Amino acid sequence: MPLTSRRLRAALLATASVGLVAATLPAPEPLGLGDRLFPHLGNPGYDVLAYDISLTYGGTNTKPLAAVTSIDARTTAHLDRINLDFARGTVSSVKVNGLDSEFATAGEDLVVEPPAPLPAGAPLRITVRHTSDPSGNKDNGGWVPTSDGLVMANQADAAHRVFPGNDHPSDKAWFTFRVTAPKAYTVVAGGLPAGKREHGTATTWTYRTEHPMATELAQVSIGRSAVPHRTGPRGLPVRDVVPAADRAKLEPWLRKTPAQLAWMEKQVGPYPFETYGLLVADTETGFELETQTLSLFERSLFLGTGYPEWYVDSVMVHELAHQWFGNSVSPRSWSDLWLNEGHATWYEARYAEEHAKKPLERRMREAYARSDAWRAAGGPPARPDVPTPDHKISLFRPVVYDGSALILYALRAEIGQAAFDRLERTWVRTHRDASATTEDFTALASRIAGRDLTDFFDGWLYATKTPPMPGHPDWRSETPRTAAVDTPRAPKPE
């Protein structure tokens, strides 16, 4: 029921009749956690523990899906209202702890007024009946139509265009997906299968995550898909989701994953989740995406022309590395993005050096030459410029890719190989299944190095000019007027 419904109007009339100012809550307004890059993203006052998301797909990828999202949470402050991030859908009802509740929209927030105020520390279950509309501008993320269905691309601020929630990586939660689709379709989601029920002409598929996940990493694939299975290191189940007609053609790429998993485990330790695989979608996004346990790739990356094998391999490793850096250890704020993309680019480049004889030093020297221009165009790595409102993906600039891998190259030279390797393994072990900050990383690096690295990191993370490269005093960063500002690879791995 909207906030302007019967109860609220009655309160206004009662107070007006005695000449008093209405004792009502102020008008609904969008809130946010105050993230520097996305100030209205996320919401204060509660911590989400779990999402249970039910979706019904009718067989047309341009029509809204019927949906029910249930959120289990705990309040962290007294709440008269609950703000959820949600856009691109129609809400029909909201219940709070089983009771009908009034609601309104404000900006990209769904604002809910529970029947009674909620004290801090109270359990909270919010159930929203809504639609989930795939017909919006896919450049802003959310549902992405494919040739045979739908997939999700929710980074950085687009999960709330699919389902209501607390759409910020600092609030991770467990997920259950229940997706109903016509029997001709296969549904796969992040996590592991938890049931499949056929009824009439439709099938309901259930998946659950075994680890908490940021909303931006959620994935649901609906399509005419094949799901080949294989085994990774230590018996890890590996499942891929590909267009059924392309299964044989894609097999030479899919079978690479177990060895790539083994290589990453050798670098940083055990894979952090319950399963992994590639979701190959027949769509054009302009990027690949590390959705948790099921990374999204464009079909054309593998079956198009123009990309050498070593390059495609390195993109696969980039998204795989994100399962440790960005997924298991998520950024506390979006200004910490360099930790995700810098590390994924670092291991992508290391893999290309070891497996395709593409020298890391040469790539880093080229990045150093462009670094000042990248900083001028997009801000320093740990203080990136705010993305343009109509194209949020512009946050993913070269400075957070090779420009941030360059920081890790400098750090390894500064503290030595042994300390650097210990830092990487300690980082992903200490912050597994959590979110962490740039300050957490720099403090851990100082502790492992046995000395204060504040001055080192201040320059590399926040300065407008790139500091001298340890061990390479001859390296020069070109001026922004003469240096190319584009990334040296395309399409941009994410």
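The structure is a predicted model, in which local features need pLDDT of at least 70, side-chain atom pairs count only at pLDDT 80 or more, and totals for chains, interfaces and linings use all residues. Residues are numbered from 1 along each chain as its sequence is written, and side-chain values use heavy atoms, with hydrogens and water left out.

**Confidence**

- The average pLDDT (the predictor's confidence in each residue, from 0 to 100) is 92 for the protein. At least 70 is reached by 91% of the residues.
- Residues 1–23 have a pLDDT below 50. Beyond near neighbours in sequence, this stretch has 27 contacts in the model. Contact means heavy atoms within 4.5 Å.
- Residues 483–494 also have a pLDDT below 50. Beyond near neighbours in sequence, 54 contacts are found for this stretch in the model.
- Where pLDDT is low, predicted coordinates should not be read in detail.

**The sheet of 8 strands**

- This open sheet runs in the order β5-β4-β8-β2-β1-β11-β14-β13. Its pairing is mixed. Strands (E, at least two residues) and helices (H or I, at least four) are DSSP runs, numbered from the N terminus. Two strands pair if DSSP finds at least two bridges between them.
- The edges are β5 (99–100) and β13 (192–199). Each of these strands pairs on one side only.
- Strands β1 (residues 46–56) and β2 (residues 65–75) are antiparallel and share 10 bridges. Opposite Val48 stands Ala73 in β2.

**The sheet of 3 strands**

- A second topic is the open sheet of order β3-β7-β6, with antiparallel pairing.
- Its edge strands are β3 (82–85) and β6 (102–106), each pairing on one side only.
- On average, neighbouring strands of this sheet are turned by 25 degrees against each other, direction ignored.
- β6 and β7 (residues 109–113) run antiparallel, joined by 5 bridges. Glu102 has Glu113 in β7 as its bridge partner.

**The α3–α9 contact**

- Helix α3 (residues 257–268) and helix α9 (residues 417–430) have axes that come within 8 Å and cross at roughly 100 degrees. Axes are lines fitted to C-alpha atoms, for helices over the stretch in contact, and angles run from 0 to 180 degrees between N-to-C directions.
- α3 is therefore roughly perpendicular to α9, a term for angles of 65 to 115 degrees.
- From α3, the contact uses Glu265, Lys266, Gln267 and Val268. From α9, it uses Glu424, Arg425 and Val428.
- These residues divide into 2 nonpolar, 1 polar and 4 charged. Ala, Val, Leu, Ile, Met, Phe, Trp, Tyr, Cys and Pro count as nonpolar, Asp, Glu, Lys and Arg as charged, and the others, Gly among them, as polar.

Note on methods. Angles under 35 degrees count as roughly parallel, over 145 as roughly antiparallel, 65 to 115 as roughly perpendicular and the rest as oblique.
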